[in-house]
Amino acid sequence: MDWNDFCIKIDNCNRFFRDKMDYTYDEEKLFYKIDQNEYVYTKSDFENLKNRACQASYQPYSLITDYQYECLVDSPETDFRRGFSINFENKLMATSIIDSENGITYSFREVSDELFYHILATYENGHISLKIPYSMFQNRCANLKNKSFFNILRLIIRLPYAIYVQCNKPISKDKIISFTKSHLFNLAYNLDLVLKPITSPDVLFPKRTFQSIHRVHNIDELMPPKLSYANELTEQYYMALASYDPFVKFIGFYHILEYFFEDVYNEDLLKNIQDILQHPGFSSKRKKDVIKLIDTIKKKNHQNKEDFQGSELEALELTIRKYINLSELIQDLSSYDSAIIDYYFNHEITFSKGDSVNLRDLSNDKLPKKLAARIYKTRNALVHNKSNETRLSERGLYKPFKDKEELSKEIPLMRFLAESIIVNSSEPL
């Protein structure tokens, strides 16, 4: 992008304030006036910015060097400021999380001029909507100490904030991005603050439209991340957490539960086979013993699917047994809603015939199976919509407008299960 391209893009972007701010440009300078004060942005200023911007590696919509990563982030389907006061937002922007062990500092700021340059250079559609009313723009502009041209653009275009991850020694691209993603998960986990790296121009200017869980009420208490979480799981987690639709939330959290189905199922199958082979009474020379081994394998794989062989319900039970601490689950649910444990015990889900489950009965070895049955029946009612009346009477059918409130009651349970799986399957950074 050269000077002429820049001026044309700015002219297209800011057509709505061109006359109000006496905005003009020529081959060497760009002029604008605010409150009768005249300001100038020169071609030389632009060339200096371009040189700085090109020293870093750019990928939509981030800049990376050996020591720093800056990435534009936004909250999908929700308002960035949802549930937070202006004071909290200001504190978030002013607070840095320092990881002294790894020499890394995490912070949020307005997007840098350098990243802003690349966004303008790569953005094809010059018509960007006004983000604030002009009267509000005038008030904010009056309080703006530094009225540089890019600061004025930031007020008008209102790009989302950027996360800055700075290192005191050279670090690989993959490593610094991994640290960044882990920090973003910590924010979501502790503050219900879902911030996703922006990778598409379609989400640069999104239309912003359940009870939040704030595990941390003071941002000063937030620690730097110590764990690396599976990206496939956090993607589903963000989708579920950011949506207002209980259907999307349930399915998103369920996808996290089913991620390990094949692994846990195969582990259980392997254990069963090893138990048979290692038993002192087993003989490979005895036909009935070999048949028993074959029957065990057949029984475990009685449901054949394209991407998974085995019983999904059983795999869900095994996943719960492996990754979920039921005592912690009860504590989380009770902290969220003191009455919800009794609700799950006394209430069979109407539309799915999902089993009632007594989560307090920790001594009952069948508790994971009962919990899995409640979840699995509800999942089937959501994803299956076949016309066979007998099948529907067995599985149930979710009707969004009628059953939305009832499904919403299942979301806290699904969220805490999903979070436990993400955390308990993580690895140290």
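**Helix packing, sheet and backbone geometry**

Helices H9 and H12 are roughly perpendicular to each other (angles of 65 to 115 degrees count as such; those under 35 are roughly parallel, those over 145 roughly antiparallel and the rest oblique). The model is predicted, local features need pLDDT of at least 70, side-chain atom pairs count only at pLDDT 80 or more, and totals for chains, interfaces and linings use all residues. Residues are numbered from 1 along each chain as its sequence is written, and side-chain values use heavy atoms, with hydrogens and water left out.

H9 spans residues 246–258 and H12 spans residues 312–323. Helices (H or I, at least four residues) and strands (E, at least two) are DSSP runs, numbered from the N terminus. The two axes come within 9 Å and cross at roughly 80 degrees. Axes are lines fitted to C-alpha atoms, for helices over the stretch in contact, and angles run from 0 to 180 degrees between N-to-C directions. From H9, Tyr254, Leu257 and Glu258 meet Glu312, Leu316 and Thr319 of H12 (contact means heavy atoms within 4.5 Å). By class, this contact has three nonpolar, one polar and two charged residues. Ala, Val, Leu, Ile, Met, Phe, Trp, Tyr, Cys and Pro count as nonpolar, Asp, Glu, Lys and Arg as charged, and the others, Gly among them, as polar.

An open sheet has three strands in the order E1-E2-E3, with antiparallel pairing. E1 (24–25) and E3 (37–42) stand at the edges, each with a single partner strand, so one side of each has no neighbour in the sheet. Pairing requires at least two DSSP bridges between two strands. E1 pairs with E2 (residues 29–34) over two bridges. Here threonine 24 stands opposite phenylalanine 31 in E2. Helix H6 (residues 149–157) packs on the sheet and touches E2 and E3. The direction of H6 makes about 60 degrees with that of E2.

E2 and E3 pair over six bridges, again in the antiparallel sense. Isoleucine 34 has asparagine 37 in E3 as its bridge partner. The two strands form a hairpin with two residues between them. In the turn, aspartate 35 has a positive phi of about 50 degrees.

The structure holds 26 aromatic pairs. Rings of Phe, Tyr and Trp (its six-membered ring) pair if their centres lie within 6.5 Å; planes under 30 degrees apart count as stacked, over 60 as edge-to-face and the rest as tilted. Phenylalanine 6 and phenylalanine 149 form an edge-to-face pair, 6.5 Å centre to centre with 75 degrees between the planes. This pair links distant parts of the chain, with phenylalanine 6 in helix H1 (residues 3–13) and phenylalanine 149 in H6, 143 residues apart.

Helix H7 (residues 173–191) has 19 residues and reaches 27 Å from its first C-alpha to its last. This is close to the expected 27 Å (1.5 Å times one less than the number of residues). Just after H7, aspartate 192 takes a positive phi of about 55 degrees. Aspartate 192 is found in the loop between H7 and strand E10 (196–197). Most residues other than glycine have a negative phi, and most peptide bonds are trans. The bond from proline 60 to tyrosine 61 is cis, with omega near -15 degrees. Tyrosine 61 is in the loop between E4 (57–59) and E5 (62–64).
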